[in-house]
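Q: Take me through this model term by term. For each label, give the cut-off and the value that meets it.

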Amino acid sequence: MWNWEYAIKILPEILKALKITISATFVAFVVALVVGLMLTLARRSNFKPLSLFAGGFVGFVRSTPLLVQLYFIFYVLPEYGLSLTPFVAGVIGLGLHYSTYLAEVYRGGIESIPPGQWEAAKALNFSTLNTWKKIILPQSIPPVIPVMGNYLITMFKETPILSAITLVEIMQTAKMLGSHSFRYLEAFTIVGVLFLVLSYSSSLMVRRLEVRLNLR
Amino acid sequence: MSVPLKLIYNEDPTKNIGSEVRKNIVRPIVTYNNISKSYGDLQVLKNIDLEIAPGEKVALIGPSGSGKTTLARLLMTLEEPTSGTIEVEGEMLWHQRVNDKLIKANEKHLHQVRGNIGMVFQHFNLFPHMTILRNVMEAPRNVLGLSKDEAKERAVKMLEQVGLSSKIDAYPAQLSGGQKQRVAIARALVMRPKVMLFDEPTSALDPELVGEVLEVIKAIASEGEMAMLLITHEMDFAKDVADRILFFDQGKIIEQGPPKKIFNNPESERLQTFLSRFNRH
């Protein structure tokens, strides 16, 4: 049966772990944003080895499970001298995995730019770097911000998988609390409700953002 | 790549140039040498030779799909010629000479030569995420490396010249087509190119907006120093502005000469047909 007293007692500890969950989400998201952009640009490069590598990387990461990638980063790399904390391994794994999806998002944004914009940039003699910085990216990113927001929410909901590499985020905390007291109902219910509240409110924000961007 | 290095001034260098300009000529600002362009099996330009004098206004007329636009796009480096060479002020555009051999130019070389050329597009191609002022000052700032104040001053002056100084804080979406095209002209002019390409600058405009754009172009043309290549279907405008008219058909220059001769005494049958079709519509 549900025990309010116990639920209130464990809440602070779960909320503390929520901080880890949220920071892991955001750091991984930043990794995904940066690496995703680099992958997109690399795939468009005229330098064949680079574009082939980027294409291969995307295919490889997408066709293997995130859990396997995380285990590899956390348990296999130390054998080759690269030991990472659970947090660092977790955000790298999650970030790299989602970078391949964000690369697709960037690509969509970039391909929606009419050829005339590239031609105007060239006619004004913009360098390649300035063409991207001043003309192409400022136009291709705003329309895809809502899609990026949805990936942020998806990544947030994926973070419990990081408990598999011993990161003490809220899922792991709930498990530990449960095994301590043999009460699982309260801990997992709180975890579920927290995910629900945060994901749902974020998705409402994304939707409002979408409307605002469309109005512009 | 084997491009013959036979050059240009072996005969009369001014043979393709209108007589009024001929006497002032130093050397051509633009030279097309035996230029061809194909897309697969479709040859859109066939062995074009053309010289444009500094300050000369050349109008290209002819049916759609005759290769006029491609000729301009090759010079703007938006497309690469299949064979032949283009020179700007005596310097190869698409090629570099290394040990007496022609090799394909790298981006650095293209960047350097391209700075002499400006282009106005049929569909304006303004940057929709920037204000009018930023549309015009961004290239002086980032490409020419002017300070923010210098770039702004130049841009504002240019926008005054096209009659849009009241719109500097507006976004392109808030302007009419004619105003957009005037901004696009200011944006190209602010870079002070030696050659300006106008690719059907009024074809995408509502008829009542054509006049204001043509007026602006005429005013610029009357200032003189800049060479202009005008691709247009506005025959009266071509007659007014151009020193020389080229009639294109099926990838070739069929006939050329001063406007009076082209419009009053067309020699070739194709030009006669083309002009008569125009007069009827």
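A: Start with B:Thr77, found in the loop between α2 (68–75) and β4 (83–88) of chain B. Helices (H or I, at least four residues) and strands (E, at least two) are DSSP runs, numbered from the N terminus. The model is predicted: local features need pLDDT of at least 70, side-chain atom pairs count only at pLDDT 80 or more, and totals for chains, interfaces and linings use all residues. Residues are numbered from 1 along each chain as its sequence is written, and chains are lettered from A and ligands numbered from 1 in the order in which they are written.

Q: Why does B:Thr77 count as buried?
A: A residue is buried if 20 or more other C-beta atoms lie within 10 Å of its own, exposed if 12 or fewer, and partly exposed in between; the C-beta atoms are placed from the backbone. B:Thr77 has 22 C-beta neighbours inside 10 Å, so it counts as buried. Its phi is near 65°, a positive value in a residue other than glycine.

Q: What makes B:Arg192 partly exposed?
A: B:Arg192 has 15 other C-beta atoms within 10 Å, so it is partly exposed. B:Arg192 sits in the loop between α6 (177–189) and β9 of chain B. Its phi is positive too, about 50°, although it is not a glycine. Across chain B, buried residues make up 46% of the 281 residues.

Q: How do you know that β8(B) and β9 of chain B pair?
A: Two strands pair if DSSP finds at least two bridges between them. Four bridges join β8(B) to β9 (residues 195–199), and the two run parallel. Within this pair, B:Gly118 stands opposite B:Met196.

Q: What makes β8 and β12 of chain B edge strands?
A: Six strands form an open sheet in the order β8-β9-β10-β3-β11-β12, with mixed pairing. β8 (117–120) and β12 (252–257) each have a single partner strand, so one side of each is left without a neighbour in the sheet. From one strand to the next, the twist averages 20°.

Q: What makes β6(B) and β7(B) a hairpin?
A: β6 (residues 95–98) and β7 (residues 101–104) of chain B pair in the antiparallel sense over four bridges. Two residues lie between them. In the turn, B:Asn99 has a positive phi of about 50°. B:His95 stands opposite B:Lys104.

Q: How do you know that domain 1 and domain 2 of chain B are in contact?
A: Two residues are in contact if their C-beta atoms, placed from the backbone, lie within 7 Å. By that test, 12 residues of domain 1 are in contact with 11 residues of domain 2. Helix α7 (residues 207–223) of chain B gives the most to the domain 1 side, with six residues. The assignment gives domain 1 as 8–116 + 193–280 and domain 2 as 126–192; such bounds come from an automatic or database domain assignment.

Q: Which part of chain A gives the largest share of the side that touches chain B?
A: 14 residues of chain A are in contact with 18 residues of chain B. The largest share of the chain A side, six residues, comes from α5(A).

Q: What is the confidence in chain A?
A: pLDDT is the predictor's confidence in each residue, from 0 to 100. Chain A averages 94, and 99% of the residues score at least 70. Confidence in chain A is highest in α5(A), at 97, and lowest in α9 (residues 185–215), at a mean of 90.

Notes: Axes fitted to C-alpha atoms, helices over the stretch in contact; angles between N-to-C directions.
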